[in-house]
Amino acid sequence: MSAFAPTRQAPGSPAEGRCSYYVEKKKRFCRLVAAAGKRFCGEHAGAAETDAEEENVRKRILCPLDPKHTVYEDQLAKHLKKCNSREKPKPVPISFLSEEQLEIFIKKLRKASVGLNCILKEEIMSHPVLHDALNDPKNGDSATKHLKQQASILGNIEKLKLLGPRRCFVEFGAGKGKLSHWVDIALKDAEKVHFILVEKGTTRFKVDGKHKKKNSVFERLQIDIQHLCLNKIPFLIEEKLPVVGIGKHLCGVATDLALRCLVETYAASFEERSEEPLAKRIKNDKTETEINTLAKEGNEKNVPEKWTPVAGIVIALCCHHRCDWRHYVGKEYFRALGLGAIEFHYFQRMSSWATCGMRKTSLEASNVTTKREDNQNDESEEHDGAGYGATDESTDSLPGFLTVGEKKKIGHLCKLLIDQGRIQYLQQNGFRPALQYYVDPLVSLENVLLTALPNHSSSPETLV
């Protein structure tokens, strides 16, 4: 303990390596570390002007935006452009836009959407493990709705041949962990199956604690997805298990963060490590010739499959109005269309019209059916809690010159354009992505499923 005890300093001198500036108010020397060869820290470097020992010192002045910190006088102009205290421009809310301004953005949207396939394929599926739960008479409407979504997601996971042993399923925005729960049941006694449940907020009534089987391991991480590095999880590195990214209603920006976590942080780290070993292995073509011969003879079972860090992605999308340009993975796609952060802001706000657009204007409000109100209430409850982003703008002030049908179509176009940026991002990173409807809109208005498989996967191709 004595080795760590601080040495006593004379009251009239600063500690070794510390700033020599005397803080009159505190009756002591500044305790900040001074740079090598300097007597003062960066904050008190201005005090050196009066010191005869230091010449040609750079002068520090108070920041005019916030006098609580200082800046070098010769760097003031540069500092003012990036100072955290500067006034940042804020986009005008949609409700404040004039009809002419709004029409400009809508025209840009329609121009950018030319050539996009607006009719998605239906992949409404189910899975036998949920048969009893779906037919349980005790279920209410809300429980049945969630079970149908989980059954269809599980059915799509199976169709993509992602259910199997030696896998690590990472559920983003896991909540109670119900999706992983059903995946585990569907896998039965598969060997070496791990589940990582990622959730930013605290959750009650979690189901992952009930799974204590010999062949599957559940681990819950309470962390923001943007801070998650899968390549730092020990058992993933040791076991070298392929990851399957899954999620049910992954709100807005969380989808982009999850895609980046899987594609850039995790997959890219293995590509960097495998560059040199792969080069050393290529000694001759004999091995590859033998493998190709076996494949042609129909002995596919004997052919070693190419290992991939990310085996697949299956994520149910939602809440595009909670997207964030800073984290959006499709920036390159938007820029290629001549669009930027401002257009993205208004498109993501207008995307809520796809699900909220049917809320009629004040003249038509009396015609809204109770059934639709109930559906919207269910959707809002589904995304409560530790979600990402701010709440949507009030839809009471939607522009009156657009009909309900027009607003709904514009909202769907906004969603499709944002999702197309994600599709291109996955394609550029070696995946075959697809968008499809996985449940009826009466079950959930947010009914689009994003799936992706590596390009070398043997699973059947899906259409974008």
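The structure is a predicted model, in which local features need pLDDT of at least 70 and side-chain atom pairs count only at pLDDT 80 or more, while totals for chains, interfaces and linings use all residues. Residues are numbered from 1 along each chain as its sequence is written, and side-chain values use heavy atoms, with hydrogens and water left out.

**Helix packing**

Two packed helices are described by the angle between their axes and the distance between the axes. Axes are lines fitted to C-alpha atoms, for helices over the stretch in contact, with angles from 0 to 180 degrees between N-to-C directions. Helices (H or I, at least four residues) and strands (E, at least two) are DSSP runs, numbered from the N terminus.

- Helix H4 (residues 141-159) and helix H5 (residues 178-187) have axes that come within 10 Å and cross at roughly 50°, which makes H4 oblique to H5 (under 35 degrees is roughly parallel, over 145 roughly antiparallel, 65 to 115 roughly perpendicular, and the rest oblique).
- The contact (heavy atoms within 4.5 Å) involves, among others, Leu 147 and Ile 153 of H4 and Leu 179 and Trp 182 of H5.
- By class, this contact of H4 with H5 has 8 nonpolar, 1 polar and 1 charged residues, where Ala, Val, Leu, Ile, Met, Phe, Trp, Tyr, Cys and Pro count as nonpolar, Asp, Glu, Lys and Arg as charged, and the others, Gly among them, as polar.
- Helix H2 (residues 99-112) packs against helix H13 (residues 404-428) at an angle of about 55°, with the axes 10 Å apart, and that makes H2 oblique to H13.
- On H2 the contact is made by Ile 106, Leu 109, Arg 110 and Ala 112, and on H13 by Ile 410, Leu 413, Cys 414 and Leu 417.

**Aromatic pairs**

- The structure holds 12 aromatic pairs (rings of Phe, Tyr and Trp, the last by its six-membered ring, with centres within 6.5 Å; planes under 30 degrees apart are stacked, over 60 edge-to-face, and the rest tilted).
- Tyr 22 and Phe 29 form an edge-to-face pair, 5.2 Å centre to centre with 80° between the planes.
- Tyr 22 counts as partly exposed at 35% relative accessibility, whereas Phe 29 is buried at 18% (buried is under 20% relative accessible area, exposed over 50%, partly exposed in between, with a 1.4 Å probe and protein chains only).
- The rings of Trp 325 and Phe 344 have centres 5.3 Å apart and planes at 55°, so this pair is tilted.
- Both Trp 325 and Phe 344 are buried.
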